[in-house]
Amino acid sequence: MSIVRGTTRGTADRAARRRPRRSATTALLLGVTVLLGVVYVLPFVIQLVTSFKTDPDAASHPLSLLPNPFTLDSYRRLFGLGGSGESVPFMRWLGNSVLVTVFVTVGRVFFDSLAGYALARLDFRGRNLLFNGLLTVMSVPGVVLLIPKFLVLNELGMFDTYAGMIVPLLVDAAGVFVMRQFFLSVPKEVEEAARIDGAGIFRTFWSVVLPMARPALITLTILSFQSSWNEFTHFLVATQSPQYETLTTGLARFVSGSLSAGTQYPLKLTAALVATIPVAVLFFVFQRHFVRGANSGSVKG
Amino acid sequence: MNVRRAAPAALCGALLLAGCSSGFGSDSSSKQDSEGKQHLTVMIGSSGDAETNAVKAAAAAWAKKTGNTVTVTAAQNLDQQLGQSLAGGKPPDVFYVGSNTFANYAKGNSLYTYGDQLSYQNDFSDSLRKSFSYNGKFVCAPKDTSTLALAVNTAMWQKAGLTAADYPTTWPQLEKVAKKLTSSKVTGLVVDASYNELGVFMKQAGGWITDPGQAAMTADSAANVKALTFVKKLLKEGALKYPKQVDTGWGGEALGTQKAAMTIEGNWLTGAMASDYPKVGYKVLPLPVGSAGKGTLSFSTCWGIANKSAHHAADVSLVKAFTAVPQELTFAGAYGVLPSRTSALAAYSAKYPANKAFADGESYGQGPVTLPGFTKVLAQFDTDLAGLATADPKTILSSLQKNGTAALGSGG
Amino acid sequence: MRKEQQGGTAAVALPAVRTRPTGRTGPAGTGRTGPGGRSRRGIRDRQGRWGWLFVSPMVIVLGLFLLLPILMALWVSLLHWDGQSDPFTSAADFVGVRNYTDLFGSSGGLTHQLFMISLRNNLYYVLLVVPLQTVLALGLALAVNSRRLRRKGPLRTAFFFPSVTSSIAISTVFLFLFQGSGAVNALLKWVGISGPKWFTDAHGLVWSVLGAVGLVDPDKPVHALAAHGVLGLSWWDWLAGPSIAMCTIIVLAVWTTSGTFMLMFLAALQDVPAELEEQATVDGASRWQSLRHVTLPALRPVIFLVVTLGLIGTWQVFDAVYVMSQGAPGNTTLTPAYLSYTSGFQDSDYGHAAAIAFVLLAIIMLVQRVLLRERDGQPSRIRRLLGRNR
């Protein structure tokens, strides 16, 4: 809060010295804010630079922004193009992450809109009960479900399968809620016009209402992509075999394995970097959707 | 019947279906796969690339000969991954079972008992067979054994002006050389903060965590206090550090990256040094003796076969290939373990004289605590050992005594 | 957007949703005003069928993977179960509430002690992270919102970006930065401080700070505090504060969450009428006074929301612990969520693991409840929202 404090000094005779003080505080404000910005970005810069370093260089010059010598070894090892030392099954992690993310994103966008529309616009018995149930379910914190989810996947015979990784994520309560809120804002006259033209309920939903929901759908797509790409705890308890490892579980096990502590940081940081890139690209292209996700719904916290 | 009622009905149906395909089978053995070509999975807890590659090569050779396929995976945390897969009813077909976890798995009926199917079962020593027997039945074939010894970096040794005459044989000597070898960049002795390594001092002082029959706790004995007091002194002097304090994961890595001049590690050290740090020269010495004489720890592992595996015949065939005398010697050469078969042990000693200290320890090594329900107690002991530098040895040992007694009482 | 902020945030988050003008008739009125030709009843029936069809994927997925797990875990929390048999048969070893009493009573031995340590750790984590992230996020929002700052886009992006990346990837980076010979200590060296061995330092922050000014010796517990205790821990341990190792996780949490919260503040700040602030300035109020008397009161609902979300999220810290410390050193980064995980998957003690999960759930629900009731006395929007649908 140094920004605030910076503006409070010497309030007594501020009228007299208004102009110079203003520019001084402006400079201070700017300086502190930019410095903070650097602090926020620096870890990523160090990560990027270290990915081009050798193990000994990274260990002895962790802060140096110039790799010496410059090497692409980490990238070669990750993508199975040779390089020294044992490789990690990075391509498999990547493949699994892409697979799961695609299915979950498509599923969520479709099922969340379906349910959101029904809860907003269709009149059926039990709807209020369902909606209240949805609100309750939304408030159950994810971490609490670690052991319970494992039990149920096991009982369903879905433990350690792609189905076990994907199906539980296909619908998310928060997404349903956001879509419901959106559909509530669509003017009813639109649907009524469609119905008069003889369109059925699904047709009305699919070809009239859904196209109007494009902005909300884009936001939901992006947030679903981001959250399933970054998902960790669910995959941790839903799978055991290395063949199902995603970028998050694979990387986490690789990094926390006691035998490799302290070494191979360039490789680990490169893996983390590559795992970050898709979401980063998405972020820079669609930043306003992320902002909307953080704000309008707030459900994604 | 309309959709309104159909939906809940579908849900109930799904639940019923779920009940049928439950992952928690109480049936101990699963249906056997009778196809010609079978696919096996093997999970190992590896000490490094050397071990992983050796097991992969052996499995590939067997697969080629039999026409089956095998996938070998190295777990990052074997206990956790194996525990989760057993509870999930999808264990690998063949896996490492440490003697410390054997009792838990055998008690839970997770292991397939195949000892009797091995024609050479008497080629394993009595103590090894006993370690892997449950209710009087020989369950799984011992894979290998390892003991702990002292490894020193020979270049640093010379640089500090020390000679072979200075190899420590007593605690005071160990302390002296450790202090001498310690500099701003190098720590004299780096040892894992675990009873699996530091426990050697307890043995050398004449103590141990339990009595020989594992019927009662003896953690708070005077001998154990003496041992931990010595370790604490070394920690205080900076002559002994834990691997994390020098940014490494274990003693071998500290020795290999030349952050430690000495370490106390098991046979697996030799494999890791050869594959990861071939340029670092080191020598393996017997551990120094304490007031009660010699003492080291001995670890063994067996080739567990899951009761849930659908390939029992192929599994046993694979284990037989793994425990053939030439194969055991190949493993021993690749990552330094001691062969489990007596007939292979003699050949080993002749072939690898540099590892004599490890082989010698086999005759008097203390095995790990194998009581069910003790993993948590011992994990807490390890946590306490990590904080030994600033804690009272007596407090640590009395809490171990207390926790262990409670676990003994509840029978796991 | 950060993982640990997800889930469980919704109910309290609702007030932030700009409720759109849905009309007083509400959605329930939709079908009734339907055009002529078909009977009202027919439409209702048709909507009923389609309605259930539309929501059935949601009902099945959430029912199977949210509700059912909770019920199953509730059962398992009453068992002694080692994960190697079927817990849903009559052969299960039913122990009643013993798993719960083990957590809170000294009869639980090690389980009790570890659970209390994890509660203490998480409590200090909450006490530090929530105020820090709230104040920092507010500060960032005020700075970025400042009219005198041109080109604020890049800054906003910089502050927000850590929030959208994977917690695992970020933890990996932090692991590297905070090594004993890592970048953070290299930075500290520039200013003449010799940094601690972050991940091996189990000393409590309180005793370390008091030790630095010579009041206590962090390595020699004060006897009066160390000899007595409550709930399985000595007063010395209760009062120690977060360990140095925990501080790295705290920094990580503040760094990754402040961006999201900054955006919430920014959105709210844009709703504060600029004339009001200008009026205050013209009236001779200092910028500080205008902040205190105009801006902050206007932000009150958002501050409340941010604090609530923070309180809920911080009780769920798991990912960073899994990657960075696994509870070490000296159990000082052990949290209830992580303890539940290891009790189950590592120690094969699923009964205690499930019980810990339920206690954690109770804590988080309690926090939500208290905060919702606490808020300005009047019926909350969420309740109004619920009421409207009833």
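Student: Among contacts in chain A between residues at least 6 apart in sequence, what percentage joins residues at least 24 apart?

Tutor: The share is 71%. Two residues are in contact if their C-beta atoms, placed from the backbone, lie within 7 Å. The model is predicted, so local features need pLDDT of at least 70 and side-chain atom pairs count only at pLDDT 80 or more, whereas totals for chains, interfaces and linings use all residues. Residues are numbered from 1 along each chain as its sequence is written, and chains are lettered from A and ligands numbered from 1 in the order in which they are written.

Student: How many helices and strands are there in chain A?

Tutor: Helices (H or I, at least four residues) and strands (E, at least two) are DSSP runs, numbered from the N terminus. Chain A has 16 helices and zero strands.

Student: Which residues of chain A does the annotation "transmembrane region" cover?

Tutor: UniProt positions are given in the numbering used here, feature names are shortened, and annotations may be inferred rather than shown by experiment. According to the unreviewed UniProt entry, the annotation covers residues 27-46, 93-117, 129-150, 162-183, 204-225 and 265-286 of chain A. Over residues 93-117 of chain A, the model is 100% helix and 0% strand, with the end C-alpha atoms 35 Å apart. Residues 265-286 of chain A are 95% helix and 0% strand, and their end C-alpha atoms are 31 Å apart.

Student: What percentage of the residues of chain A count as buried?

Tutor: A residue is buried if 20 or more other C-beta atoms lie within 10 Å of its own, exposed if 12 or fewer, and partly exposed in between; C-beta atoms are placed from the backbone. Of the 301 residues of chain A, 53% are buried.

Student: Where in chain A is D160(A), and is the residue buried or exposed?

Tutor: D160(A) sits in the loop between α7 (146-155) and α8 (162-166) of chain A. Its phi is near 65°, a positive value in a residue other than glycine. D160(A) counts as buried because 21 other C-beta atoms lie within 10 Å.

Student: Which peptide bond of chain C is cis, with omega about -10°?

Tutor: That bond joins A328(C) and P329(C). P329(C) is placed in the loop between α14 (319-325) and α15 (336-345) of chain C. N331(C) also lies in the loop between α14 and α15; although not a glycine, N331(C) has a positive phi of about 65°. With 22 other C-beta atoms within 10 Å, N331(C) is buried.

Student: Where is P69(A) placed in chain A?

Tutor: P69(A) is in the loop between α3 (55-60) and α4 (73-78) of chain A. The peptide bond from N68(A) to P69(A) is cis, with omega near 0°.
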